[in-house]
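Grab a pencil and work through these exercises with the model open beside you. Try each task on your own before you read its solution.

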Amino acid sequence: MAAEGTEEFSDNGHFTLNPPEFMAPEVSELPQTELGVSEDKVGSGTEMANPSTIYSGPPLDGDEEEEEGDLPVDFDRLWKIVSENPQDFNGWTDLLQYCEQEGHMTASRRALNAFLARYPLCYGYWKKFADMERRAAHNSKAEEVCVRGLKAIPLSVDLWIHYINLLLGTLNMNLSESIERIRSAFEEAVTAAGWDWHSDRLWDLYAEWEKEQGNLMAMTAVYDRVMRVPTQLYSTHYEKLKSHFTSHALQDVLSPEEYIKLRAEYKQIQIQAKKEGSNPTADEEEERPPGEDEPADSGKDSEEAMQKMQELLLASREQMYLQNEGEVRKRWNYEEGIKRPYFHVKPLDRAQLKAWHSYLEWEIAEAQAVQEVIEGASVEAPECSKVSESVAGHKRVLILFERCLIACALYEEFWDKYVRYLEPRSLEETRSVYRRACEVHLPYKHGFHLQWSTFEERHGDILEAQRILESLEQSMPGLAMVRLRRAGLERRLGRLDKAESLLREAVEQNKDKLHLHAFFSIKLARFLLKLGKNPSKARAVLQEAIELSPDNSKLYLNLLELEVSGDLRVNGGGVQQCVSKALAAPLSPKTKILFSQRGLQFAEDFGTTVQSVLSIYEEHQKLLDELSGKKRGAENGDNDDPEKMSKMDDGSAVTAPVQGVPPTMPPVPMTTPPPPMMGGDMSGYGSYSNWYQQQQYGGYGSYHNPWNQYNQYYPSS
């Protein structure tokens with residue numbers, strides 16, 4: 001949580017908060033309850049919300065806006081900036097600052113609604129929005145804004161306090177319904193945000209409000225609950241609870257059940273002390289005249305008895321305090337390592353990211369250890385206690401994840417860590433986290449969207465998986481991987497016609513982008529060959545792509561693969577036609593040598609006559625001689641430099657040969673094929689290189705046959 005600021009408690013129950021910055025938001029997820037419902041939800045236990053539930057509140061732009069004439073002069077200009085680039089955070093702040101300066105209600109509502117839909121973790125702007133509505137006497141709209149903000153960031157203690165103060169200032173507190181409404185809001189607040197490390201102010205406000213209502217028992221219940229929560233100011237709650245017990249009669253601060261139990265415990269101790277002989281007057285008190293009954297219990301205890309019972313009460317609370325202190329000590333160093341617990345678009349340094357990772361891993365390990373102890377324990381503890389401890393460990397992990405995803409909302413790695421933790425435990429919670437991440441915080445992280453689609457397909461929700469991919473393709477057009485995932489999904493469902501249609505559509509849409517056109521043409525051709533069993537259609541696709549991209553070697557490689565894998569009895573000349581076309585294309589010399597090698601290898605393996613093999617060999621040798629000649633010419637071309645020639649003429653540049661070093665031999669025409677050129681990544685498509693060429697082509701790299709065995713067919717000169 002961000003800097004707390006200063007606060008003071010006024011006479012009318014308002015908690016005044018003066019935060020130094022408005023960029024101090026917190027986030028989690030709201031519990032399953034509806035805000036503002038007048039239900040008494042006071043409980044004796046310390047409950048935690050389910051923070052992974054997705055925000056599904058009403059749309060932010062659904063308010064009826066009061067028309068105030070034309071918009072301010074510069075509004076359209078600033079609005080256009082953020083509309084064209086929604087990730088421009090500075091553009092948003094300029095727009096919001098301008099609307100605030102102009103004081104235009106319609107413009108401010110439009111800007112705040114759009115901004116908070118994109119950046120819902122900014123607590124300060126939710127507060128500004130609510131204050132703006134309240135200043136305009138729109139109390140219901142101010143309350144609605146607070147509710148929306150709390151559904152987006154339920155861990156925001158500041159926003160909960162602001163919402164409760166709004167209710168305190170607008171409700172008629174003389175009505176019992178208003179009292180129950182405030183109490184219900186407090187219960188929702190501590191359920192959603194009460195387990196946050198910085199939730200102390202919220203608990204204190206709740207306890208003080210109950211004291212103002214004269215409900216000291218409820219105040220005790222609040223302190224008992226926070227005594228089980230590891231918070232930063234845990235010791236202050238214990239001190240306040242002790243002061244609360246010593247300042248009031250026990251009958252007023254304890255529930256009737258607990259007070260009766262406490263008295264019974266005290267009396268049992270007194271009886272035990274009498275039996276042990278610690279009280280010398282015990283025999284005299286026990287001996288009574290025959291027929292005389294024991295005096296009736298008046299219900300009033302002596303001052304000494306009250307003091308003893310108070311000591312027993314404080315001893316029981318001290319046990320709770322010490323247990324909670326142990327939990328706090330475990331987490332203290334991790335909490336000290338968190339320097340920026342609020343949301344900001346500026347990146348976190350590596351130390352902060354490491355601190356969150358370490359804290360999460362420790363909390364997960366702690367919860368797992370508790371679970372293992374509970375599962376391996378005998379029936380020593382009540383079953384309900386075991387379940388409660390297990391649930392508490394899991395909830396602590398959820399709360400920490402939600403706190404982490406306030407500061408690290410723009411980091412995909414933490415969302416991925418969260419869903420991996422949740423998936424074995426709850427598919428619905430996992431689904432809601434995926435939705436929140438992809439639709440709000442990571443709209444342009446396509447990798448996480450693809451992971452979400454895979455999750456839905458794996459768990460049988462095919463329609464949702466299709467919707468995710470279609471939506472991603474609409475928001476980020478041109479991503480090849482998304483179209484391939486769509487086609488792959490249809491193929492796995494057995495809808496081959498739909499998969500083919502998607503690939504053909506991609507080929508047609510990218511004719512002006514030759515790189516993508518070649519990519520999808522290769523994918524479509526392989527689909528038609530392998531699944532459609534239609535080599536003629538596959539060949540037509542590749543040939544059409546070669547006409548548009550004659551310099552793309554990958555198209556020729558895949559066409560060669562198609563011809564080699566076909567039936568040679570039907571189309572025996574297809575391989576040599578492909579090789580001839582590649583040699584005539586504007587490809588690099590090294591690539592041409594590669595194709596010539598493969599044509600020669602194919603002729604040796606499957607040639608029908610020796611004349612055809614020799615003919616191809618001669619063409620291969622001509623290509624090698626031609627390329628070698630060009631290379632020598634390029635290497636010797638600098639001898640024509642006049643300056644160098646003049647230096648050689650006057651002998652100034654001549655160096656005597658070193659003794660013992662043989663003279664350099666003149667270049668010899670290359671008669672053996674060079675090593676293959678396909679060992680590296682020549683695809684140009686990043687990680688898709690393995691889709692363009694088959695591994696068996698690497699086998700041609702070891703082909704070093706000099707072909708001199710065919711010299712016997714040539715007459716000696």
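This is a predicted model: local features need pLDDT of at least 70, side-chain atom pairs count only at pLDDT 80 or more; totals for chains, interfaces and linings use all residues.

## Exercise 1: The overall picture

**Task.** Find how many helices and strands the protein has, and what share of its residues is buried.

**Solution.** 
- Step 1: turn to burial. Of the 717 residues, 45% count as buried.
- Step 2: consider contacts between residues at least 6 apart in sequence. Of these, 67% join residues at least 24 apart.

## Exercise 2: A pair of helices with a loop

**Solution.** 
- Step 1: recall what you need. Two packed helices are described by the angle between their axes and the distance between the axes.
- Step 2: get both values. H25 (residues 553–565) and H26 (residues 574–584) pack at about 165°, and their axes are 8 Å apart.
- Step 3: The crossing of H25 and H26 is left-handed.
- Step 4: sort them by class. The contact of H25 with H26 has 8 nonpolar, 1 polar and 2 charged residues.
- Step 5: visit the loop. Leu568 lies between H25 and H26, and it's partly exposed at 28% relative accessible area. Not counting residues up to four places away in sequence, Leu568 touches Glu563, Phe602 and Phe606. Leu568 and Phe606 are 38 residues apart along the chain, with 8.8 Å between their C-alpha atoms.

## Exercise 3: Another pair

**Task.** Now do it again: at what angle do the axes of H19 and H21 cross?

**Solution.** 
- Step 1: read the geometry. The axes of H19 (residues 446–458) and H21 (residues 480–492) come within 11 Å and cross at roughly 10°.
- Step 2: name the arrangement. That angle makes H19 roughly parallel to H21.
- Step 3: find the residues that meet. Leu450, Thr454 and Glu457 are on the H19 side, facing Met481, Val482, Arg485, Leu489 and Arg492 in H21.
- Step 4: sort them. By class, you have 4 nonpolar, 1 polar and 3 charged residues in the contact of H19 with H21.

## Exercise 4: A helix under cover

**Task.** Explain why H9 counts as largely enclosed, and find what covers its buried residues.

**Solution.** 
- Step 1: count. In H9 (residues 216–226), 9 of the 11 residues are buried, so the rest of the structure largely encloses this helix.
- Step 2: name them. The buried residues of H9 are Leu216, Ala218, Met219, Thr220, Val222, Tyr223, Asp224, Arg225 and Val226.
- Step 3: look around. The cover over the buried residues of H9 includes helices H7 (176–193), H8 (200–212), H10 (234–247), H11 (250–253) and H14 (303–336).

## Exercise 5: Positive phi

**Task.** Where does Ala137 lie, and where is Lys533 found?

**Solution.** 
- Step 1: start with the background. Most residues other than glycine have a negative phi.
- Step 2: take Ala137. It isn't a glycine, yet its phi is positive, about 65°. Ala137 lies in the loop between H4 (123–135) and H5 (139–152), and is exposed at 59% relative accessible area.
- Step 3: take Lys533. Its phi is also positive, about 55°, although it's not a glycine. Lys533 is in the loop between H23 (514–530) and H24 (535–548), and counts as exposed at 65% relative accessibility.

Conventions:
Residues are numbered from 1 along each chain as its sequence is written. Side-chain values use heavy atoms; hydrogens and water are left out. Axes are lines fitted to C-alpha atoms, for helices over the stretch in contact, and angles run from 0 to 180 degrees between N-to-C directions. Helices (H or I, at least four residues) and strands (E, at least two) are DSSP runs, numbered from the N terminus. A crossing is left-handed if the near helix is turned anticlockwise from the far one by less than a right angle, and right-handed if clockwise. Ala, Val, Leu, Ile, Met, Phe, Trp, Tyr, Cys and Pro count as nonpolar, Asp, Glu, Lys and Arg as charged, and the others, Gly among them, as polar. Angles under 35 degrees count as roughly parallel, over 145 as roughly antiparallel, 65 to 115 as roughly perpendicular and the rest as oblique. Contact means heavy atoms within 4.5 Å. Buried means under 20% relative accessible area, exposed over 50%, partly exposed in between (1.4 Å probe, protein chains only).
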